[in-house]
Amino acid sequence: MRVDKFLNIVNITKRRAVAQDMLASGVIKINGIPIKASRNIQIGDIIEIKYLENSKFYQVLKIPEQKTIKKNESHLYYKEIQG
């Protein structure tokens, strides 16, 4: 699954276009490397999202099989970790 789709489906970003813009500008890194939106996400990958003063880190636990998931099920697909 593409990184931008994953971020949108698991509700880390509200829209896929937002995820694409963040990836293009280098705000989001996978395993410490800036990547393109078309890269496939894998279980165990660490997603880093840089904000103004800090960063958030997420570890991919599972890849969603459907195009939408319930908001309260997001925690099944990733976990927030300390950076």
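Predicted model: local features only at pLDDT ≥ 70, side-chain atom pairs only at ≥ 80, totals over all residues.

## Starting at a bridge

Now widen the selection to the two strands. β1 and β3 pair in the antiparallel sense, with 3 bridges between them.

Go back to I49 and look towards β4, where K56 stands opposite I49. Colour β3 (residues 46-50) and β4 (residues 55-60) next: this pair is antiparallel too, held over 5 bridges. Between β3 and β4 are 4 residues, and the two strands form a hairpin.

Strand β5 (residues 78-81) runs antiparallel to β4, and 4 bridges join them. Select Y58 and you'll find E80 of β5 opposite.

## Into the core

Which residues touch the most other members of the largest nonpolar core? Show F6, L7 and I47: those are the ones, in a core of 21 residues. Among the elements that each supply at least two residues of this core are α1 (3-9), α2 (16-24) and β1 (28-30), along with β3 and β4. α1 gives the largest share, 4 residues.

Last stop: centre on I47 and show its contacts, skipping neighbours within four places in sequence. I47 is in contact with F6 and L7, with I28, K29 and I30, with I41, and with K56, F57, Y58 and V60.

Technical notes: Residues numbered from 1 in each chain as written. Heavy atoms only, no water. Pairing = 2+ DSSP bridges. Core = buried A, V, L, I, M, F, W, Y, C linked by side-chain atoms within 4.5 Å. Buried < 20%, exposed > 50% of the residue type's maximum accessible area, 1.4 Å probe, protein only. Contact = heavy atoms within 4.5 Å.
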